[in-house]
Amino acid sequence: MTSTRAMVVTLLVVAIICSVVLSFVYSYTGPRIEETQKELILVGLKEVIKADIFTAVVSDTVWEAMDSTNNVLGIVFRVFPQGYGGPIPIMVGLDLEGSITGIRIASAAEGLKETPGLGVKITEPDFRDQFIGKTLENILIKKDGGDIDAITAATISSRAVCNGIKQGIEKYASYLCPPFDKCRVFPEAFDFTEIIPEVLWYAIKENDTLGIVIVGGVQGYAEKIEFIVGVADGMRITGVEILRSNETPGIGEAIRDKVFLNSFKDRIPDAITGATISSKALIEGVQEKIEEFKGYLK
Amino acid sequence: MKRLSIFTRGLIKENAVLVLMIGLCPALATSGTVRDGFGMGLAATFVLFFSNIIISMMRKVIPNEVRIPIFILIISTFVTIIDYFMQAFQPDLYRALGVFVPLIVVNCMILGRAEAYASKNPVLNSALDGLGVGLGFTLTLTVMGAIREILGNGTLLGMSVFGEGFKNAPVIFLILPPGAFLVIGVLKALLNKYYK
């Protein structure tokens with residue numbers, strides 16, 4: 001008969017040793033795991049749209065695709081519609097007009113759970129490539145009145161792919177917008193109605209106004225900085241973009257930095273060190289414009 | 001010679017899946033292709049080998065009353081290690097094996113060897129025992145994977161075996177879960193006929 005103390009001590013010591021060992025293993029493999037996952041995603045992204053740079057708009061779900069000179073080419077999103085055997089992981093590329101540039105469905109080795117020999121045929125080029133060039137209206141299998149040939153004896157899987165892509169486009173198409181457009185600073189909105197020409201718009205989603213979008217200008221260090229800002233009801237800034245500026249290259253132009261602009265979404269940021277005048281001007285300009293038009297917010 | 005037999009008996013004579021009929025669940029679920037079966041087998045062998053060594057080393061200090069939780073702790077540590085390494089270096093295999101990698105923790109084959117052998121025998125013997133049983137498991141899963149992949153999908157290691165004609169109408173049944181039962185049954189029948 002062992003004493004209770006011996007039991008507790010042995011168990012505790014073993015548990016501590018195991019935890020220490022595991023934390024060492026994790027510190028070595030953890031970064032590598034993240035890298036591997038990023039690489040895998042990048043391979044998929046490049047397969048569905050021909051672009052060089054991808055920036056995540058919604059983490060792990062929506063990416064914006066750009067060429068090497070930062071021109072926006074479209075977006076890529078991921079959906080997981082329920083298939084016959086489980087969720088089907090699909091990646092879809094959209095160009096700026098909203099038509100599909102390519103889709104990628106994970107293979108069985110990558111976690112697709114459809115029936116071998118039947119449902120898994122959705123990953124084959126014959127089925128997959130039918131989607132290229134299609135838009136929201138004609139993504140349905142022929143049985144449901146669309147343009148897609150379903151796979152024989154795998155109607156459920158084929159239909160799931162169509163529905164998943166369709167719902168994905170409906171959900172994420174609002175992220176699809178040309179540079180400098182209003183939707184870039186107000187991605188939740190689907191439509192914009194002008195209140196004051198060239199200056200103020202209501203951001204609208206399904207007949208509800210969500211907030212406003214303002215275009216404004218402010219004197220910077222060198223020239224006038226023009227900006228566009230989205231403000232949701234409750235005075236929440238949804239995004240800020242620079243439309244035009246001609247500050248000192250490498251110094252004042254730091255206000256175009258995405259991290260700086262994105263930080264507006266949480267709270268009014270601090271000025272950028274080294275670009276104090278330009279960034280302060282922008283911050284004040286944004287605040288002034290919001291103050292001026294806040295009467296339009298609910 | 002006795003040492004050698006400790007190693008070899010796990011391969012066929014006391015094969016975990018086909019003779020002792022333990023560890024059947026992962027054997028059924030992950031033997032759809034050669035790669036999956038082989039990968040799962042090696043992962044289980046790694047865990048079995050090292051957990052047997054550690055448990056055997058600690059057999060004199062582990063209090064009898066709490067031996068099972070300690071075994072599980074040690075086993076799950078090795079399972080987590082292999083899980084991390086697979087995620088980092090073999091992400092495709094990791095996703096194909098899915099939940100069956102973490103489930104190695106509760107694979108009765110591994111806990112069974114810890115309880116029945118490693119906790120009562122010296123380190124070297126336990127290591128040989130773990131390696132033998134693990135490789136027996138790997139061998140079974142690889143053979144099952146080969147049979148199921150060739151006949152069920154017309155491929156071996158992802159490459160076409162019989163050409164395009166067969167690819168359109170393979171024995172799909174074999175790659176589905178019931179096919180695994182059939183293959184295990186056939187292998188066991190062959191083993192019984194030729195090994196007794």
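What follows is a chat about a predicted model of a complex with chains A and B.

Q: Hi! What should I know about this model and its numbering before we start?
A: The model is predicted, so to speak of local features we need pLDDT of at least 70, side-chain atom pairs count only at pLDDT 80 or more, and totals for chains, interfaces and linings use all residues. Residues are numbered from 1 along each chain as its sequence is written, while chains are lettered from A and ligands numbered from 1 in the order in which they are written.

Q: Thanks. What ipTM and pTM does the predictor give the complex?
A: The ipTM is 0.77 and the pTM is 0.65.

Q: And what is the mean pLDDT of chain B?
A: Chain B has a mean pLDDT of 85, with 95% of its residues at 70 or more. pLDDT is the predictor's confidence in each residue, from 0 to 100.

Q: How many helices and strands are in chain B?
A: Chain B has 10 helices and two strands. From the N terminus on, the elements run α-α-α-α-α-α-α-β-β-α-α-α. Helices (H or I, at least four residues) and strands (E, at least two) are DSSP runs, numbered from the N terminus.

Q: How much of chain B is buried?
A: Buried residues are 43% of the 196 residues in chain B. A residue is buried if 20 or more other C-beta atoms lie within 10 Å of its own, exposed if 12 or fewer, and partly exposed in between, with C-beta atoms placed from the backbone.

Q: Which residues have the most contacts inside the largest nonpolar core?
A: They are B:Ala43, B:Ala44, B:Val47, B:Ile74, B:Ile75 and B:Ile110, in a core of 44 residues. A nonpolar core here is a set of buried Ala, Val, Leu, Ile, Met, Phe, Trp, Tyr and Cys residues joined through C-beta atoms within 7 Å.

Q: Which element gives the most to this core?
A: That is α3(B), with 10 residues.

Q: What does B:Ile110 touch?
A: Not counting residues up to four places away in sequence, B:Ile110 touches B:Ala44, B:Val47, B:Leu48, B:Ser51, B:Ile75 and B:Ile104. Two residues are in contact if their C-beta atoms, placed from the backbone, lie within 7 Å. Another core, of 38 residues, lies apart from the largest one, and among its residues are A:Val62, A:Val92, A:Ala108 and A:Ile122.

Q: Let's switch to the interface. How many residues of chain B are in contact with chain A?
A: 27 residues of chain B are in contact with 22 residues of chain A. On the chain B side, α4 (67-89), α5 (91-97), α7 (123-153) and α9 (172-175) each supply at least two residues, and α4(B) gives the most, with 11 residues.

Q: How do the residues on that side of chain B divide?
A: They divide into 18 nonpolar, six polar and three charged. Ala, Val, Leu, Ile, Met, Phe, Trp, Tyr, Cys and Pro count as nonpolar, Asp, Glu, Lys and Arg as charged, and the others, Gly among them, as polar.

Q: Over to chain A. What is the strand order in the open sheet of five strands?
A: The order is β1-β2-β3-β4-β5 in chain A, with antiparallel pairing. The edge strands are β1 (53-58) and β5 (100-105), each of which pairs on one side only. Two strands pair if DSSP finds at least two bridges between them.

Q: How many bridges join β1(A) to β2?
A: Five bridges join β1(A) to β2 (residues 62-66) of chain A. A:Val58 has A:Val62 in β2(A) as its bridge partner.

Q: Which hairpins do β7(A), β8(A) and β9(A) form?
A: β7(A) and β8(A) form a hairpin with two residues between them, and A:Glu206 in the turn has a positive phi of about 45°. β8(A) and β9(A) form a hairpin with four residues between them. The antiparallel pairing of β8(A) with β9 (residues 224-232) covers nine bridges.

Q: Last one: why does A:Ser278 count as buried?
A: Because A:Ser278 has 25 C-beta neighbours inside 10 Å. A:Ser278 lies in helix α6 (residues 276-293) of chain A. Leaving aside neighbours within four places in sequence, A:Ser278 is in contact with A:Gly220, A:Tyr221, A:Glu247, A:Gly252 and A:Ile255.
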